Each structure stands twice: as C-alpha cells, then as structure tokens.
Amino acid sequence: MANIDNILKKHGYKKSELIPILQDIQAEDRWLPCETLKYVSEKLDIPLIDVYSLATFYKSFSLKPRGKHVVTACCGTACHVRGGPKVLQELQNQLHIDVDETTPDKHFTLETVRCLGACALGPLVVVDGKYHGQMNTKKVASTLKKYSKKKK
Amino acid sequence: MTKLKSTSELEKLRKKIISEKDPKKRCIAVCSGTGCLASGSKHLSEVFQEELKKYKLSGKMEIRKTGCHGFCEKGPIVLIYPDEICYLKVKATDVSDIISQTIKEGKIVDRLLYTDPNTGKKIAKEYEIPFYKNQNRLIFGNNSKIDPTSIEDYLALGGYTALAKTLFKFKPEQVIEEVKKAELRGRGGGGFPAGKKWESTRKASGEPKYIIVNCDEGDPGAFMDRSLMEGNPHLVLEGLIIGGYAIGSHEGFIYVRQEYPLAVENTELAIKKAEELGLLGKNILGSGFDFTISIHRGAGAFVSGESSALMSAIEGKVGEPRSKYVHTSAKGLWDKPSNLNNVETFANVPIIINKGAEWFRKIGTEGSKGTKIFSLVGKVNNTGLVEVPMGTTLRQIIYDIGGGIPKEKKFKAVQTGGPSGGCLPEKFLDFPVDFDELYKAGSMMGSGGMIVMDEDTCMVDLAKYFTNFLADESCGKCVPCREGLRHMLKILEDITAGKATKEHVAHLEELSEVVRDASLCALGQSAPNPVLSTLRYFRDEYDAHIRGECPAKVCKNLIAYYIDPERCQGCGLCRKNCPTNAIRGETKTVHVINQEKCIKCNTCFDVCPKNFRAVSKLSGKPVPTLVNDGTPIKPLKR
C-alpha cells in the first residue's frame, strides 16, 4: 500500500495537485481503490464526487485492480493501418479476456492506448513499459510467453 | 555550478565548453529516442562502452546518447562524427566491427549502411541519404548532435544566445513585433499567428500572467513534439522563457502527456540544469527578469489538448473545454491571462530571434513561413520525422523523402491533421503543403501527423476508426458532439457490416454537418472531417459497401477467406493454426475452409507460406463451394 499521507505531504495538500497525487498513488499501488479516493477526498477537502469524476475522466487511472503484467496494445492510426486490430484480437484470443479486463489468475491485464508516438515500430505492444515493435499475430504468443508464470 | 550573472559570463562559459571539445575527436552518437530505445539502443550504448574499454579507447572517444534522429524505421541509428557516417539497424553484435574497422582503421562497415532501394547503391554519409538530403532541418537538426541531458552540448551549439539577446537588446514589445514580422503560425494545429496571440495576452489586464507549452500531442500518429521535448528540451525552454518575457509572465508550465515518460525526465533535468546556471529563476543573467517553469503530467485524455481544457487540467480539474467567447488570453489559467503554444512553435522562437524575422520569412510560402516537422507514418518505406519548408509537395515528402509505398503497392490516400484532419487522394500529391492549402483541400495541418495509406486500407473503415476514437474521447459536455458522434459511429458500423442503404449515407452526411456546426469546441467541430473528406474523395467505397463489397478487403462482415485448390500444397499450416478448427484437409491434400466456422481472424492468410499464396480474401462475390474430399494437391509450377 502506498503511503498516501507522504504523497499528500509531498504535494503540500494542494487541491490543484489532485491529478499528480492520484498519479503518484497509482504508480505505487497500480490502481485506485475506493477507500483511497475517499481518503484523498477527506484529506484535501474535495467532494468525493469531484475526485471520482476526475479519476474516471482520465484514461490512465484504473479503479479496478490490475494484474501482475499490464499488456498494452497501441491503437494509434499508424498501428491501425499496419494491422494493429488483428494483433489486439489475437491478444484477446490468447488471454481469453476483453480490453480492460484481468485474467482470473490476476497475471495479465489487457489495456489499449491511443498512441505511444513510436509509430515506426507499429504495430506496437507494450508489456510493463517494455516496447515490443513490429508485432503480428504470429509473434503474440511468444511475446506473452516471456511473461507467463512458467518462465519464472 | 555557479550562476551566470551576465551575458559575458555566459559567453565565457560557452568559450570554455567549446575549447574543451576537440572537433577532430571522434564521437559515436547513439540515437536514444523512444523509437531507437525500443529497438535496443540502451543496451547498444553499454556495449559500445565495454568494447571501447577492451580496445583501450575509453576517454579518447565520446559515446553520446542523443535524441531522436528521425529515421525511426531504421533504428537503432549510430552516427560517427566528425565523418557523419551513418549506420542503421545496428545490433550489439555489430559494435566490435564498428570499433575495429571504422574507429581504428577508418574503414566503413558496408553491411550497416543505407542501401538505396532503387539503385542498390550503399550510402555512407548521413546527409547523402535521400531521407535526410531532401529535408531542411531547421528545428530538428541539432537533435542528433546533442545529448539532451547535457546543457553544455546545447550551449556549445549557441544555445541561450537568443535569450541573452532578448533580455538585453529587446523590449518585450520588440520581441512580439519580431515574431509577428516572422509570421510564425502556431504549429499545434490551428495555425493562429503566434505574435498576435502573444500581443493580446500581453495587453490583457490582470496579473499574474501565465505561459504554457502544450506537449499533449494526442493525435495518434504524431510524435514530433515528443522527439523535440526528449531530444532538445533546452530549445523549447529557451523559446518559452523568451515568450514569458514578451508577454510579461513570470511563470511557465509545460503540459506533457503521460505516455511520454522520457520527455518528462529529460525536461525535468533540463529545467534543473538551467536553474543551476541562472538561466531560469530569479534575475536571469542579471537582467532583472524572473521566470520559473513547472511540468504538469497529463493523465490520458485527448480533449485535454484543447487550450481551455488543458488549463482546467493544470488547475487539477477534469480536463473539459469551455466555450471561448472569452479567450484564454484574457481569462485562462485560474482566470488570469494565459498564453498557450505548441512545443514546435516555441522551438521556432530562438531561431527567429537569432537569425531575424527577415531571414525566417524567406523560408516557406506566402501564408505559411518557416519549416514544419511531419511524422511520416503508415504504409511508407521510410517512416520517421521529416522537416521540410512549408509548401513542399506531398509527393516530395512521401516519395523523395519517404521512399514511396512498400511492397510495390499502390498509393491510395494520405491523412493529415490527425483525427480532426482529412484524407487526401492521389490527385493532391503535387499539392504544396501549408496551412491554407490543406484547409482548402478539406483537410488541415494539425500538429503534423501524416499517415500514408495504400490500396489495402479501407477508407470507410478508417473513417469508422477516427469516429470511434473521437466518440470515445468526447468529454460529453455538449450534445452535438456526444450524441452526434455516437450516431455517426453507429451508421459507419452498419455500413462496414453491409447493413446500410443509400439513405444511411445521406443521413451520415447531414449529421456530420450538424456536429461540425453545433459543437462546443474544436474536437467536435472538426470530428466529422474524416467522414466528410472520405465521402468527398472516396464515395465509391461507401457505395461499394452498400452493395456488399469492401474493395480493400478489410471489413470482416464483407469478406470471406478462400483457399485456392490450384495453389494449396497441403502443408497443413493453416489447419494447425486455425483457432476455430474451421479448416479441414489431410497432409498433401487440398485444404478447405468451413465458412460457417470461420471467424475471419486472418491467421490462415498470415501463415500460408509466401511462395504458395493459396489463401485469398474475397469480397462482393460468392465463395466457390468446395467439398473436403481429399483432393490431391497439384504441385505449383515455378
């Protein structure tokens, strides 16, 4: 669990720092549980509805627990015209989950992103921040295997 | 580091830095932009260090981790100075050869050079490679020469001279006058004259005033701002400080989208170093001018790139736009006069101050001066960042610099301006690219994304892609954008599913016009552009979908996969890889797809060996009925 008090203190309990505060908490906990939002709302004296509205407006905040490995498929235009949708479909087939879902064993979470600005490498899949470029349906399985449990 | 208290101290430091740099000393510049890092350039730099040690060359040679060189397709890129030998797609295993041959003996490692695909000739020098040769890298050129984490590298190339000149030789009004005279237009999309914007913020009543760099680059397919912010952050900082001085602001913000962690890292470091040298903070260079900069990370919302929404996000609120009958230059961040420009706009400012408006005006066209960086992506051979004078034609960009379309496919369209832009067909290839011309053609400059599409791209599917993107990113505040886009998307889904009639298309067109005219902010107002421009130039594709045919064979509901019995060699690869067991056949017999079981995942098409090419896609015509009766294969004639 992130030390929320420390993070709040670092940002001087400023209301205008709500976004960076939530970003810092999520960087440690990987998601924002309901209790966290309530706690932040109380401490900063911001109505919970405003904290919730902000946390749901921005795509990078997750209100659901995420798996050990976050697999992100880029859905930018350059990736799209180079076959990105097929790669995403294959990821869904292999992991047996939809976008924004986590596998039952909490090992993988599948997410999409609008564009990572590494268009020359498209179609692009990012796992835990590591870029895997020039993806195709054939490479999906071997890429996922690198992060599967057995590999440990 | 001690703070510099005057221009002469800055020049003294610069002289010292330059004198310590031996121009003849070899330098190995390893591109460490996001693209090359993803292709393994971090490891490559480490291997270079180790190998240099082995050859006892450490210290005699500099390994410089630079920003993005732009030729991302061929990364990791290694440039050897002073000869400017350019090695492409360099692997760790190549390092030993580069050192033993190029560094030790001055020989060139042929296999790592660029090969001209037309002549087959190898090209050693970076500036002779067509991708670079045909560009004019005014803004972007220093990226490959400096280490973005080193302020010394920036100073050695004349960095912060424009700031010193501004603070001591120009009154704020004169700076604005110079930028106005240069006719610098905003590079973020709208193309609004930057000098005019600065002037209205300066004249607006209210203190304090704020100045903001927009690095929210949300357009999918555009990454020039990222590369500038990552690769040459001091250039943007210098432009921002000059802007702050001009409008009378003492506080600047840089809003960086969260997908760009390296840009945040390098910019944070650049701010720290500039503060240490007294180029930022109180009494800059002893001029009496104070200026601070803070970074604000975005949290993932396309609409937050809109100026009023971005300001709301900096305030710590939901990044929704507001109606702009009161401009942000009068009431922006915390209701104070605020000026917002894009990264590339600020990057132009030091160059204008250094070289003068007259010099700058000579580049470009009547209505658009200077250069523009485009991110050339999609179905094009040389993907990367391209900087050309305004007015360069699409053909020069796509063919001379971009090297044309891969796999000898036919060019179909180019999409400029991101999701808010439009698709231009072949007849516009000789069209000069500038703000006004693109607008006339029904597209826009946007931030400079240029996505090339070939015959395999379905234009209706693409319109659906952008509409889906925008419907998802619409903040929902105004009805035309929120509901209109949702309905447009529904119609586009019906068209691509073959369930639409001509009336649907007419309805789509009408709805597009309503969304364009009635939406609150630029997101909604420009959202119908992809639909309207594809309807304008590719209406035949919409008509084909209504007849049940997808000409590019992309839309799943309108295509079928078919194995040509004349070409199938019975290898069984498709059968083994089919996720739904829809393919039947024995080894060495012709394989057949059960159309009812097929989910059109494209796997069979991908795995069928290239020399067989037995799997094909059909659209708009019935699939020949074949029975899986163990027909023996016919060997292919070669």
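Q: Why is Asp94(B) called buried?
A: Buried means under 20% relative accessible area, exposed means over 50%, and partly exposed covers what lies in between (1.4 Å probe, protein chains only); Asp94(B) has 4% relative accessibility and therefore counts as buried. The model is a predicted one, in which local features need pLDDT of at least 70 and side-chain atom pairs count only at pLDDT 80 or more, while totals for chains, interfaces and linings use all residues. Residues are numbered from 1 along each chain as its sequence is written, chains are lettered from A and ligands numbered from 1 in the order in which they are written, and side-chain values use heavy atoms, with hydrogens and water left out.

Q: What makes Arg111(B) partly exposed?
A: Its relative accessibility is 47%, so Arg111(B) counts as partly exposed.

Q: How do you know that Arg111(B) and Asp94(B) meet in a salt bridge?
A: A salt bridge is a side-chain nitrogen of Lys or Arg within 4 Å of a carboxyl oxygen of Asp or Glu, and the N to O distance between the side chains of Arg111(B) and Asp94(B) is 2.9 Å. The pair links distant parts of the chain, 17 residues apart, with Arg111(B) in the loop between α4 (95–105) and β5 (114–115) of chain B and Asp94(B) in the loop between β4 (85–87) and α4 of chain B. Helices (H or I, at least four residues) and strands (E, at least two) are DSSP runs, numbered from the N terminus.

Q: Which residues are linked in a network of salt bridges?
A: Lys21(B), Glu62(B), Arg64(B) and Asp153(B) are linked in this way. Over all chains, the count by this rule comes to 40 salt bridges.

Q: What makes the pair of Arg114(A) and Glu473(B) a salt bridge between chains?
A: The side chains meet at 3.1 Å, N to O, and the pair crosses from Arg114(A) in the loop between β3 (108–113) and β4 (125–127) of chain A to Glu473(B) in helix α18 (residues 459–473) of chain B. Both Arg114(A) and Glu473(B) are buried. Four salt bridges are counted between chain A and chain B.

Q: How many residues from each chain take part in the contact?
A: Contact means heavy atoms within 4.5 Å, and 35 residues from chain A and 54 residues from chain B take part. Buried area is the accessible area (1.4 Å probe) that two parts lose on being put together, summed over both; for chain A and chain B this is about 3,400 Å², 57% of it on carbon and sulfur atoms. Phe57(A), Thr77(A) and Arg114(A) supply 19% of the area that chain A buries against chain B, more than any other three residues.

Q: Why is the pair of Phe71(B) and Phe131(B) called stacked?
A: Rings of Phe, Tyr and Trp (its six-membered ring) pair if their centres lie within 6.5 Å, and planes under 30 degrees apart count as stacked, over 60 as edge-to-face and the rest as tilted. Phe71(B) and Phe131(B) lie 4.2 Å centre to centre with 10° between the planes, and the pair is stacked. Phe71(B) sits in the loop between β2 (62–66) and β3 (78–81) of chain B, and Phe131(B) sits in helix α5 (residues 130–133) of chain B, 60 residues apart. Both Phe71(B) and Phe131(B) are buried, and Phe71(B), Tyr114(B), Phe131(B) and Tyr132(B) form one aromatic cluster.

Q: What makes the pair of Phe428(B) and Phe431(B) edge-to-face?
A: The centres are 5.0 Å apart with 85° between the planes of Phe428(B) and Phe431(B), and an angle over 60 degrees counts as edge-to-face. Phe428(B) counts as buried because its relative accessibility is 10%, and Phe431(B) counts as buried because its relative accessibility is 17%.
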